[in-house]
Amino acid sequence: MDQKIVVGVGNIYANEALFLSGIRPNRAAGRISEARYQRLADQVKLVLTSAINHGGTTLRDFVGGDGKPGYFAQQLYVYGRGGEPCKHCSEKLQESRISQRTTVYCVACQR
Ligand SMILES: [Zn+2]
């Protein structure tokens with residue numbers, strides 16, 4: 001299995017779960033309260049369940065041959081949508097790179 005693709009898929013879910021939890025990706029891990037960690041853990045489970053329910057039984061369903069999100073991209077709130085309006089509040093989504101990974105988040109919804 002191509003490690004880059006696996007990491008890429010994990011990054012997509014991380015972006016989505018952080019958005020749904022309202023946590024900004026560049027926040028230092030030690031500064032997140034236990035309650036918010038729990039919410040994040042719950043969202044990760046929901047995002048994965050949702051992905052599977054949308055027919056994603058293989059990696060090819062999530063990531064196309066070019067490495068960009070494929071079919072599942074239709075369901076994404078933030079990943080791959082930098083510069084586009086937030087689906088919750090219409091604020092322009094910010095894109096930045098953290099540790100070599102592209103991260104997209106909403107400055108209004110995520111703190
Ligand atoms: Zn927003």
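Reader: Among contacts in the chain between residues at least 6 apart in sequence, what percentage join residues at least 24 apart?

Author: Contacts of this kind can be sorted by how far apart the two partners stand along the sequence, and in this predicted model, 45% of the contacts between residues at least 6 apart join residues at least 24 apart.

Reader: Where is Y79 found, and is Y79 buried or exposed?

Author: Y79 is found in the loop between α3, residues 59-62, and β1, residues 94-98. Burial is judged by relative accessible area, with the cut-off for buried set at under 20%, and because the value for Y79 is 18%, this residue counts as buried.

Reader: How many helices and strands does the chain have, and in what pattern do they follow along the sequence?

Author: The chain has 3 helices and 2 strands, and reading along the sequence gives the pattern α-α-α-β-β. Of the 111 residues in the chain, 30% are buried, while the chain exposes about 6900 Å², of which carbon and sulfur atoms supply 51%.

Reader: Which residues make up the largest nonpolar core?

Author: A nonpolar core is read as a set of buried residues joined through their side chains, and the largest one here has 8 residues, namely Y13, A17, L18, I23, I32, L40, V47 and A51. The elements that give two or more residues to this core are α1, residues 3-21, and α2, residues 34-53. A second, separate core has 6 residues, among them F19, C86, L93 and C106.

Reader: How many aromatic pairs does a search of the whole structure find, and why is the pair of F19 and Y77 called stacked?

Author: The search finds 1 aromatic pair. Planes under 30 degrees apart count as stacked, and because the rings of F19 and Y77 have their planes at 25°, with their centres 5.4 Å apart, this pair is stacked. Since F19 lies in helix α1 and Y77 in the loop between α3 and β1, the pair ties together parts that are 58 residues apart in sequence.

Conventions. Residues numbered from 1 in each chain as written. Predicted model: local features only at pLDDT ≥ 70, side-chain atom pairs only at ≥ 80, totals over all residues. Heavy atoms only, no water. Helix = DSSP H or I, 4+ residues; strand = E, 2+ residues; numbered from the N terminus. Buried < 20%, exposed > 50% of the residue type's maximum accessible area, 1.4 Å probe, protein only. Contact = heavy atoms within 4.5 Å. Areas by Shrake-Rupley, 256 points an atom, 1.4 Å probe, with all protein chains shown as cover. Core = buried A, V, L, I, M, F, W, Y, C linked by side-chain atoms within 4.5 Å. Phe/Tyr/Trp six-rings, centres within 6.5 Å; stacked < 30°, edge-to-face > 60°.
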